[in-house]
Amino acid sequence: MPFDTKHVIEPGTLASAPQPTLRSADGELVLRTPAFGDAQAVHDAFQDPVLRYWHIRSMESLDEARAWVEATHTGWREETSAQWIVAGAADDAPLGRMALREMNFLDGVAEVAYWVLPQARGAGVAPRALDALTDWAFALGFHRLDLQHSTRNEPSCRVALKSGYELESTRRSSARHTDGWHDMHVHMRINS
C-alpha cells in the first residue's frame, strides 16, 4: 500500500554522499567516520566496566572492533545508522562515539546513542559532540531525535538535559541490562 505522506528525508540522501566530518561549536572536537585505526580505542572502550554496564554488548578482540568499524560503514551505505568517532581536533585521538540509529526517513525520526572513554568523561565531550550531531541531523531534515537511557544513568541524563533534550517520559521496565530490567528515561528534541 502506498503512503499518503512523502518521506521527510529522501532515501539515498546519506548513501549518495560521503559521511561528513562534524565539528563542535568551539572547534575542539571533530566527529569523523570511524577508521580501522580506531579499533584499539574502541576495543579499549568496551573493556571499561562503566561502559559495559550501560551498553550490554561486549567486545573481546581487536577483530571484533574492526568488524564494528566495518559495520559503521555499512550502516551509512545502507542508511540504517550513522556513527562517528568523537576525537580531539588537535590530535585526532578518539574520545568517544556518537550515533544515530533506528533512523526512519519516512517520519524523520531517529534515536541518538553515545559513549565517552573514561579519560574524557567530565570534560563536556558528550554534550558538545551531541550538539554537533543534533545540528547536523536537524539540518539534514530530521524532525525528532530521541535519546533513551536507564533512569539509573545520571550522567547520561545530565548530558541530555544540557543539550536541550527534554525529559518526555519514563518507560517502565523496558530495557534489560546484565543486572535485570531497567526503567528508561525518554528525552527528545524537535526540529522547530
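1. Leaving aside neighbours within four places in sequence, Leu145 is in contact (heavy atoms within 4.5 Å) with Leu100, Ala110, Val112, Thr134, Ala137, Phe138, Tyr165, His187, Met188 and Arg189. The model is predicted: local features need pLDDT of at least 70, side-chain atom pairs count only at pLDDT 80 or more, and totals for chains, interfaces and linings use all residues. Residues are numbered from 1 along each chain as its sequence is written, and side-chain values use heavy atoms, with hydrogens and water left out.

2. Leu145 is also one of the residues with the most contacts inside the largest nonpolar core, together with Leu31, Leu100, Val112, Leu133, Trp136 and Phe142. That core has 34 residues. A nonpolar core is a set of buried Ala, Val, Leu, Ile, Met, Phe, Trp, Tyr and Cys residues joined through side-chain atoms within 4.5 Å; buried means under 20% relative accessible area, exposed over 50%, and partly exposed in between (1.4 Å probe, protein chains only).

3. At least two residues of this core come from each of S2 (29-32), S3 (82-88), S4 (94-104), S5, H4, S6 and H5. The largest contribution, nine residues, is that of H4. Helices (H or I, at least four residues) and strands (E, at least two) are DSSP runs, numbered from the N terminus. A second, separate core has twelve residues, among them Leu51, Ala65, Val69 and Trp115.

4. The eight strands of an open sheet run in the order S1-S2-S3-S4-S5-S6-S8-S7, with mixed pairing. S1 (22-23) and S7 (166-177) are at the edges with a single partner strand each, so one side of each has no neighbour in the sheet. Two strands pair if DSSP finds at least two bridges between them; S1 and S2 pair in the antiparallel sense over two bridges. Val30 in S2 is the bridge partner of Arg23.

5. Helix H5 (residues 154-162) has Ser156, Cys157, Val159 and Ala160 buried. Seen down the axis, the buried residues of H5 fall within an arc of 160° (taken from the directions from the helix axis to the C-beta atoms), so they line one face of the helix. Glu154, Arg158 and Lys162 are exposed on the face turned away from that buried side.

6. The packing partners of the buried residues of H5 are S5 (109-116), H4 (125-140), S6 (144-150) and S8 (180-190).

7. Gly164, with a positive phi near 80°, follows H5.
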